[in-house]
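Here is a short note on the model, point by point. Please read it with the structure open.

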Amino acid sequence: MAKVVTDQTALSEKLASKAVTGPSKGKTINDLFEQMKPAIAQAIPKHLTPDRLLRIATTSIRTNPKLKVCTPESLLGAVMQCAQLGLEPSILGHAYLIPYKNKNKETGQYVDECQFQIGYKGLIELARRTGQISSIMAQAVYEKDQFEYEYGINEKLKHVPADGDRGPVVKYYAYAKFKDGGYSFLVMSRRDIEIHRDKFSKAKSYGPWVDHFDEMAKKTVLKALMKYMPISVEFQRAVDQDETTKHFDPEAKDMSEVIDVTDWTDKPDNVPETELDKVIDNFEPNQGSLDI
């Protein structure tokens, strides 16, 4: 145990030094990963191993050169978030390591940082682990599909995909069925998704929103639905870590307790604030106690 504390303390001092002097020559991210491994071993779920997680994270860094210039503390923080939530940062869509320009709240200068993002499949995985959900899914609705939905007392949700050419995507929806017989669903238009992206994403012009728009759209409507689902506090705490930038702190037992340093003061220039507020604030899902 003394070895773990010593390694973590040394890493904390090294990160603090890097924040002032910049990356030192001769030190690689793999060196920092090795020092971080004892902390990961204490936090990681049984279905993952520290070696596998760090190997996947290293691959992500090699395939995205922008991650190489991110501050070490933010990169290690994102990897630790992956470890504690048991999500792999890979093309499987469980989680992503996203490089972006973040404004330092103390100096006012922009620095390259790594943001942790949960993917669509990662949200579904976390929801299923709660043991309260029997079925959860998000789908895209195309122009030629047969799609009907209605909120209120006589709520309904019906989706029949068209054969052949289905046309462009016009809507996305998410639904969840609970083991107690209840259910909930939410529908958003493609425009709703784009407005949400423009307001909340720090990487809307690159990364998953460009390379995997469909999955990110499904994640958006699914995450909006989850705000109203009767699930555990632990699950909600995990979801709240999505799209956060947190600096690795060896003394922190839970990354959910670490402060998010993402600067959210930037406003999109091309979307009126009133339209943004309408989309974000007025969405409430349909919920009921009958089977669909």
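1. Helices here are DSSP runs of H or I, at least four residues long, numbered from the N terminus. By that count E243 sits in the loop between α9 (233-239) and α10 (273-281). Keep in mind that this is a predicted model.

2. E243 deserves a look at its backbone. Its phi is near 55 degrees, a positive value in a residue other than glycine. Most residues other than glycine have a negative phi.

3. Is E243 buried or exposed? Buried means under 20% relative accessible area. E243 has 13% relative accessibility, so it counts as buried.

4. Now the helix pair. Two packed helices are described by the angle between their axes and the distance between the axes. For α3 (residues 50-63) and α4 (residues 72-85), the axes come within 11 Å and cross at roughly 135 degrees. The two helices are therefore oblique to each other. Their crossing is right-handed.

5. Which residues make the contact between α3 and α4? From α3 come L53, L54, A57 and I61. From α4 come L75, V79, C82 and A83. By class, the contact of α3 with α4 has eight nonpolar residues, no polar ones and no charged ones.

6. Last, the whole chain. The protein chain has 10 helices and eight strands. Of its 292 residues, 46% are buried. The chain exposes about 15,000 Å², and carbon and sulfur atoms supply 51% of that area. Take the contacts between residues at least 6 apart in sequence: 67% of them join residues at least 24 apart.

Technical notes:
Residues numbered from 1 in each chain as written. Predicted model: local features only at pLDDT ≥ 70, side-chain atom pairs only at ≥ 80, totals over all residues. Heavy atoms only, no water. Axes fitted to C-alpha atoms, helices over the stretch in contact; angles between N-to-C directions. Parallel < 35°, antiparallel > 145°, perpendicular 65-115°, else oblique. Left-handed = near helix turned anticlockwise from the far one by under 90°. Contact = heavy atoms within 4.5 Å. Nonpolar A, V, L, I, M, F, W, Y, C, P; charged D, E, K, R; others polar. Buried < 20%, exposed > 50% of the residue type's maximum accessible area, 1.4 Å probe, protein only. Areas by Shrake-Rupley, 256 points an atom, 1.4 Å probe, with all protein chains shown as cover.
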